[in-house]
Amino acid sequence: MTSRSGARRRGRAGAVAGTVVLAAGAATAAAVGFGGGGMDTPTAADLPPDTAQVTRQTMSDTDEVPGDLGYSAEATLAGRIAGVVTKVPLAGDVVRRGRPIYRVDNRPVVLMYGAVAAYRTLAPGVTGADVRQLEENLKALGYGGFTVDNTYTALTATAVRRWQKDLRLSQTGQVEQGRVLFAPGKIRVDSVTTGVNQSTGGGQEVLRYTGTGRQITVQLEVAKQRLARKGVKVQVQMPDGKKVAGRVKRVYTVVEQPTDPGSQAETRIEAIVSLDDPAAATGIEAAVVNVVFTAAERKDVLTVPVAALVALAEGGYGVEVVEGSTTRYIKVETGLFANGRVEITGDGLNEGMTVGTPQ
């Protein structure tokens with residue numbers, strides 16, 4: 001804590017070291033020096049043109065960004081079974097494990113759950129993770145009698161024949177490529193791109209699908225990357241005004257190519273946000289929502305307007321405390337900057353003090 005007499009005069013006369021632009025939008029402040037032995041009292045003309053109070057509060061570095069509420073990433077189902085398409089689903093239909101997705105020659109292409117795509121015919125003697133997930137699905141559907149492992153055995157083939165019989169498929173004991181779609185869970189048909197009576201089997205696109213989970217896609221400027229970190233909690237304002245909790249699941253960089261030949265590519269940060277309560281999105285097919293990110297929070301701290309900071313000639317920052325017709329400087333350490341205010345600490349600094357600010 002330092003007496004104001006003399007110091008402020010020198011600061012405003014020859015001791016001004018220049019101006020400093022503070023981070024996070026802080027204003028420029030004249031540099032003043034401590035010291036001086038004079039005891040003169042400043043006149044009203046020397047007092048700061050405006051003042052503010054030192055307040056105690058919780059500070060949050062937040063930003064509100066629009067996001068698109070929808071379903072998970074879209075995937076394509078290609079037709080691998082040769083024949084004529086005889087039945088297709090409707091957009092919006094939800095398909096669960098063991099159920100037909102569409103039909104070729106009136107025989108179903110079936111959904112099963114698994115992380116490995118169906119990329120080959122599965123038959124006795126074949127081994128691999130895709131065999132295990134086929135067996136897991138057969139068992140979940142009630143076709144047991146084998147050990148769930150990575151090997152397609154004769155017992156697996158027997159269970160497959162029972163499954164094929166119930167679906168009115170040829171009882172070969174083998175699962176040809178394209179008869180099953182493996183997806184992480186139940187799927188939602190997003191759009192159908194083929195029609196009844198069309199030929200298929202050459203890998204043509206039949207339909208596009210998503211998962212049934214809801215997510216929010218948010219794009220941020222690179223400068224705001226601090227807001228979106230995996231696992232960070234957010235608040236989502238739904239179209240009806242209700243606020244629900246969410247969490248950042250993934251963050252990645254997206255490079256958007258220019259539409260005009262003379263323009264440059266633009267880099268943005270894309271964040272995927274999940275809702276803590278998926279039921280909050282019930283009945284909403286797609287919508288724009290507001291996502292509030294909190295990059296940092298400080299509870300029960302002293303704050304002043306950023307404009308109250310004074311850059312000191314000897315380094316660091318201070319505030320000019322106004323006490324009646326006199327003022328003095330207190331050196332402070334700065335913390336979080338947010339919403340035009342800054343967290344400060346310093347010896348002798350108390351809530352309710354009056355500090356000077358520019359006009």
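Predicted model: local features only at pLDDT ≥ 70, side-chain atom pairs only at ≥ 80, totals over all residues.
1. Residues are numbered from 1 along each chain as its sequence is written, and side-chain values use heavy atoms, with hydrogens and water left out.

2. The protein chain has 3 helices and 23 strands; helices (H or I, at least four residues) and strands (E, at least two) are DSSP runs, numbered from the N terminus. Of the 359 residues in the protein chain, 40% are buried, where buried means under 20% relative accessible area, exposed means over 50%, and partly exposed lies in between (1.4 Å probe, protein chains only). A contact requires heavy atoms within 4.5 Å, and among contacts in the protein chain between residues at least 6 apart in sequence, 67% join residues at least 24 apart.

3. Helix 3 covers residues 154-166, and at 1.5 Å a residue its 13 residues should span 18 Å, which agrees with the 19 Å between its end C-alpha atoms; the expected span is 1.5 Å times one less than the number of residues. Its buried residues are T156, A157, A159, V160, W163 and Q164. They sit on the same side of helix 3, because they cover an arc of only 160 degrees around the axis, the arc being that of the directions from the helix axis to the C-beta atoms. An α-helix has 3.6 residues a turn, so residues three or four places apart point the same way. A154, K165 and D166, on the other side of helix 3, are exposed.

4. The buried residues of helix 3 pack against strand 9 (107-113), helix 2 (129-140) and strand 10 (180-183). Helix 2, with 12 residues, reaches 17 Å from its first C-alpha to its last, close to the 16 Å expected at 1.5 Å a residue. D130, V131, Q133, L134, E135, N137 and L138 are the buried residues of helix 2, and what covers them includes strand 9, helix 3 and strand 10. Just after helix 2, G142 takes a positive phi of about 100 degrees.

5. Strand 20 (residues 317-323) is mostly covered, with 5 of its 7 residues buried. Two strands pair if DSSP finds at least two bridges between them; strand 20 runs antiparallel to strand 19 (residues 309-311), to which 3 bridges join it, and antiparallel to strand 21 (residues 326-338), to which 7 bridges join it. V319 in strand 20 is the bridge partner of L309, whereas E320 stands opposite Y329 in strand 21.

6. Both of these pairings are hairpins with a glycine worth checking. The hairpin of strand 19 and strand 20 has 5 residues between the strands, and G315 takes a positive phi near 105 degrees there; the hairpin of strand 20 and strand 21 has 2 residues between them, and G324 in the turn has a positive phi of about 70 degrees.

7. An open sheet is formed by 4 strands in the order 5-13-11-7, with antiparallel pairing. Strand 5 (75-78) and strand 7 (94-95) stand at the edges, each with a single partner strand, so one side of each is left without a neighbour in the sheet. Strand 5 pairs with strand 13 (residues 205-211) over 4 bridges in the antiparallel sense, and A78 stands opposite E205 in strand 13.

8. D61 lies in strand 4 (residues 55-71) and is buried, with a relative accessible area of 11%. Its side chain makes a polar contact with the side chain of R226 (2.9 Å); a polar contact is a pair of N or O atoms within 3.5 Å, and within protein one must be able to donate a hydrogen and the other to accept it, while residues adjacent in sequence count only if both atoms are side-chain atoms. Leaving aside neighbours within four places in sequence, the residues in contact with D61 include R226, F293, L336 and F337.
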